[in-house]
Amino acid sequence: ESIRMQKNLSHRWIRLGFGVTLFISALTGFAQMPIFKRYYIADLPGLGWLAQFYTTYWLHYVSAIALIAVSAYLATDYLLQHRKTARLTLFGTIRGAMLVFILATGALLVYRNLPGYRFPPLMVVALNFSHLGMVVLFLITSLAARLAKQPWIVAATHRSS
């Protein structure tokens, strides 16, 4: 029983970590545009850091690393321990695919920022818009899943042939 309680407690911490890193990644990603300064949100007390490009830039990178780590942990945990006892829901599959796309386009954008590496301008625009667009779709889909009470995984139902 105590092992189960520990697992539930660690699962809550992982879920909280995923939510926090997702929030920070989205917030700092939007701050790169620079909408917080343009719409005077950064003028509110305590939010001035949202208008500081390099602060949000590095926070975005650090939170993206944390998001990759938490996502990798959850995917590995599912594949190694829960694949036979649980299945991804439709919303879980959709969100998982979106998250992979977000992480892949983000990795390409990081690569583009390395010294000496250049992509054609049209590709950079396509990467930026696809990354941003998928983040927005992911957030909308996640909100819809939350409102519909659709988790990422559910207990597997075994069908006999």
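**Notebook: helix α5 and what follows**

Reading along the sequence, I found that the chain follows the pattern α-α-α-β-α-α-β, where helices (H or I, at least four residues) and strands (E, at least two) are DSSP runs numbered from the N terminus. I noted that this is a predicted model, in which local features need pLDDT of at least 70 and side-chain atom pairs count only at pLDDT 80 or more, while totals for chains, interfaces and linings use all residues. Residues are numbered from 1 along each chain as its sequence is written, and side-chain values use heavy atoms, with hydrogens and water left out.

I looked up the overall extent next, and the C-alpha atoms of the chain fill a box of roughly 55 × 40 × 30 Å, taken along the principal axes.

Among the buried residues of α5 I listed Val-124, Leu-127, His-131 and Phe-138, buried meaning under 20% relative accessible area, exposed over 50% and partly exposed in between (1.4 Å probe, protein chains only).

Just after α5, I saw that Lys-149 takes a positive phi of about 55°, and I placed this residue in the loop between α5 (121-147) and β2 (153-155). Lys-149 is exposed, because its relative accessible area is 70%.

In strand β2 I looked up Ile-153, which is partly exposed, with a relative accessible area of 35%. Ile-153 and Ala-66 are 87 residues apart in sequence and, C-alpha to C-alpha, 22 Å apart in space.
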